[in-house]
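I opened the model and kept short notes on what I looked up. The entries follow in the order I made them.

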Amino acid sequence: MIKILLSNDDGFIAPGMNLLRDALIEKAEVAEVLTVTPDRDRSASSNSLTLDRPLRLTERGDNFYSSNGTPTDCVHLALTGLYKNGAPDLVISGINAGPNMGDDVIYSGTVAAAMEGRNLGLPAIAVSMNSFHPEHYQSGVSAILHLLDDLSNLRFAKDDTVATILNVNVPDIPWEKVKGFK
């Protein structure tokens, strides 16, 4: 069973993250999911850390928390405080509303959450929809489930010395119309 830390930058009520969380939980025989997200939209917060006030976690459900911090704070809190019996196997951040391509990745809280997992030695995936008002979040869910089904063949790094991040941008079209991965 794979252990997954799920986070985002759009907050705990974000539809993309919640759809992905539900789909991952449905695959309970395959994945164990811990979710830690900001308590509100923290888009474009980049890799910022909160240093000027205490961070608080609020329980939102079974293995589901929000924090008054940034996406980077959320991943850091989960990895250094909530995981008692070993780290997860993978960090997933998203599903973000809006693409993260080009210079956007420098500012993206979605990518930053995945980067924090990578910085702490874990493989990570940031996933975003190529629309600011997505109609087909299910395509993003399907893309991640497809990657997880093939995780054993997915090479994050050539060796174990460096963790890798994948930045996945999914077109806002029905999954049946997606022609492949590049």
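Is Val105 buried, partly exposed or exposed? I started there, keeping in mind that this is a predicted model. I found a relative accessibility of 31% for Val105, so I put it down as partly exposed. The residue sits in helix H3, which spans residues 104-107.

**Sheet**

Next I traced the strands. I counted seven in an open sheet, with mixed pairing. I wrote the order as E3-E4-E2-E1-E5-E6-E7. Strand E3 (57-61) and strand E7 (165-170) are the edges, since each pairs on one side only. From one strand to the next, the twist averages 20 degrees.

I took one pair apart. Strand E2 (residues 31-38) runs parallel to strand E4 (residues 64-67), and four bridges link them. I looked up Thr37 and found Ser66 as its bridge partner in E4.

H1 lies across strand E1 (2-7), E2, E4 and strand E5 (90-96). I noted an angle of about 135 degrees between H1 and E5.

**Ala126**

Which strand holds Ala126? I located this alanine in strand E6, residues 124-129. Its relative accessibility is 0%, which means Ala126 is buried. I listed its contacts, leaving out neighbours within four places in sequence. Ser93, Thr110, Val111 and Ala114 came up, along with Leu166, Asn167 and Val168. I also took the distance from Ala126 to Gly140. The two are 14 residues apart in sequence, and their C-alpha atoms are 11 Å apart.

**Salt bridges**

How many salt bridges does a search of the whole structure find? I got two. Side chains of opposite charge can pair when their charged atoms come close.

In one, Arg40 meets Asp39 at 2.6 Å, N to O. I checked how open each partner is. Arg40 is at 39% relative accessibility, so it counts as partly exposed. Asp39 is at 27%, so it is partly exposed as well.

In the other, the side chains of Arg53 and Asp52 meet at 3.4 Å, N to O. Arg53 has a relative accessible area of 34% and is therefore partly exposed. Asp52 has 66%, so I marked it exposed.

How values were computed:
Residues are numbered from 1 along each chain as its sequence is written. This is a predicted model: local features need pLDDT of at least 70, side-chain atom pairs count only at pLDDT 80 or more; totals for chains, interfaces and linings use all residues. Side-chain values use heavy atoms; hydrogens and water are left out. Helices (H or I, at least four residues) and strands (E, at least two) are DSSP runs, numbered from the N terminus. Buried means under 20% relative accessible area, exposed over 50%, partly exposed in between (1.4 Å probe, protein chains only). Contact means heavy atoms within 4.5 Å. Two strands pair if DSSP finds at least two bridges between them. Axes are lines fitted to C-alpha atoms, for helices over the stretch in contact, and angles run from 0 to 180 degrees between N-to-C directions. A salt bridge is a side-chain nitrogen of Lys or Arg within 4 Å of a carboxyl oxygen of Asp or Glu.
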